[in-house]
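Please keep the sequence and the model in view while reading.

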Amino acid sequence: MNLYHLYGLIFLFINLNVFGQNQEYKIYNAIDVYVAHPSAKALQNLRNIESDFWKNQKPKTKDELLAIVVLNCNKAYYENQFGQTQNAISSYEKAWQIYQKNKLSNYDIIEFCLKPLGNLYTVLGDYDSAENIIKQYFFIANLEKNEAQKVAAILNLSNVYQNTGRVIEGIELLEKTLKTEKLSNSQKGILLNNLGNNYLLFKGNLMTQELYKKAENAFKSAVNYLENDKDHLENLSNSYRNLANVSRQTHRFKIADSYLEKATELFLKIPNQQPRKIAKLYYEKALLLFDEKNTPKAPSKPLKLLKF
């Protein structure tokens, strides 16, 4: 075989290989291009790529289908970022349907699809759908022995219980998890913080000093577990805020003020905080001052929060 024929065969092989992977390559390339310069307008490019993919009548390989799952998860993430919540939900739902129907693997479907989908359902108040999707990824995480995702599912499920008034179920779920699961300190702290909130929400039925004490103890334990964890400053700050809330409700205003100052100190160490979260902390400080009947000082203290 002469050199010319050898080059010809190599060229033919490369072209066959490229054409065989063309759809998959085109999808991933479109994702890379979009992620490099995301915008609400450019989302249409991803939608066009997906539309072209389904118009092609040739059988879809598992690798190509997985690429479409990845495209939809990325599209959903940015649709949510740009305020297109319903579009984001549809994209996540489509990704999960394709992934499940075709028994795909080699992609963290919980982290990149099911968790954000469950969170979006919760935000919109579709708690039945949220509970259903959370239980599905808890099942997957349990099969895969992924402890971090199991705990995330438990935490998110307890939030659904809170939002639907099923406080007792939330308390039972969290207490059982804390007793039976092997948890890191940060996981214990986050779950205890949520447990304390559940105790406080129980007041709609029968709030007693015992429940206040249980809530306070849960928040204090959360602080102990999170205190040296630099990766969870926001959770630690929230624990101090919750301690301030319990102290305010039980009329221990000086203690509440001390906890809230500590929470603020930690909060201000967290970069790029959302204005909504800043406003909420501002409100909590004003509320404490109002309850102390110390309104003349109200303008000066809370305004410190705005000095970044």
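Asn 72, leaving out residues up to four places away in sequence, touches Glu 50, Ser 91, Lys 94 and Ala 95, where contact means heavy atoms within 4.5 Å. Asn 72 has its place in helix H4 and, at 0% relative accessibility, counts as buried; buried means under 20% relative accessible area, exposed over 50% and partly exposed in between, with a 1.4 Å probe and protein chains only. This is a predicted model, in which local features need pLDDT of at least 70 and side-chain atom pairs count only at pLDDT 80 or more, while totals for chains, interfaces and linings use all residues. Residues are numbered from 1 along each chain as its sequence is written, and side-chain values use heavy atoms, with hydrogens and water left out.

**Fold and surface**

- The chain has 16 helices and zero strands; helices (H or I, at least four residues) and strands (E, at least two) are DSSP runs, numbered from the N terminus.
- Buried residues make up 41% of the 308 residues in the chain, and among contacts with a separation of 6 or more, 57% are accounted for by residues 24 or more positions apart.
- The accessible surface of the chain comes to about 17900 Å², with 55% of it belonging to carbon and sulfur atoms; these areas come from the Shrake-Rupley method with a 1.4 Å probe, and for residues only the protein chains shown count as cover.

**Nonpolar core**

- In the largest nonpolar core, which has 82 residues, Val 69, Ile 109 and Leu 114 touch the most other members; such a core is a set of buried Ala, Val, Leu, Ile, Met, Phe, Trp, Tyr and Cys residues joined through side-chain atoms within 4.5 Å.
- The largest share of this core, ten residues, comes from helix H4 (residues 62–81).
- Leaving aside neighbours within four places in sequence, Val 69 is in contact with Ala 95, Ile 98, Tyr 99, Leu 104, Tyr 107 and Ile 109.
- In soluble globular proteins, nonpolar side chains tend to be buried together.

**Aromatic rings**

- Rings of Phe, Tyr and Trp (its six-membered ring) pair if their centres lie within 6.5 Å, and planes under 30 degrees apart count as stacked, over 60 as edge-to-face and the rest as tilted; by this rule the count comes to six aromatic pairs.
- In one of these pairs, the ring centres of Phe 53 and Trp 54 are 4.9 Å apart and the planes stand at 75°, so the arrangement is edge-to-face; Phe 53 is buried, with a relative accessible area of 1%, whereas Trp 54 is partly exposed at 38%.
- The rings of Tyr 77 and Tyr 78 also form an edge-to-face pair, because their planes are at 90°, with the centres 4.9 Å apart.
- Tyr 77 is partly exposed, with a relative accessible area of 42%, while Tyr 78 is buried at 14%; together with Tyr 34, these two residues form one aromatic cluster.
- Lys 60 lies over the face of Phe 53, at 4.6 Å from the ring centre; a charge sits over a ring if NZ of Lys or CZ of Arg is within 6 Å of the ring centre and within 35 degrees of the ring normal.

**Cysteines**

- The structure holds zero disulfides, a disulfide being a pair of cysteine sulfur atoms within 2.5 Å.

**Loops and backbone**

- Lys 41 is found in the loop between helix H2 (22–36) and helix H3 (43–55) and is exposed, with a relative accessible area of 77%.
- Lys 41 and Phe 82 are 41 residues apart in sequence and, from C-alpha to C-alpha, 9.8 Å apart in space.
- Most residues other than glycine have a negative phi, and most peptide bonds are trans.
- Asn 106, although not a glycine, has a positive phi of about 65°; this residue is found in the loop between helix H5 (85–101) and helix H6 (109–124) and, at 75% relative accessibility, counts as exposed.
- His 251, also not a glycine, has a positive phi of about 60°; its place is in the loop between helix H13 (233–249) and helix H14 (253–267), and at 61% relative accessibility His 251 counts as exposed.
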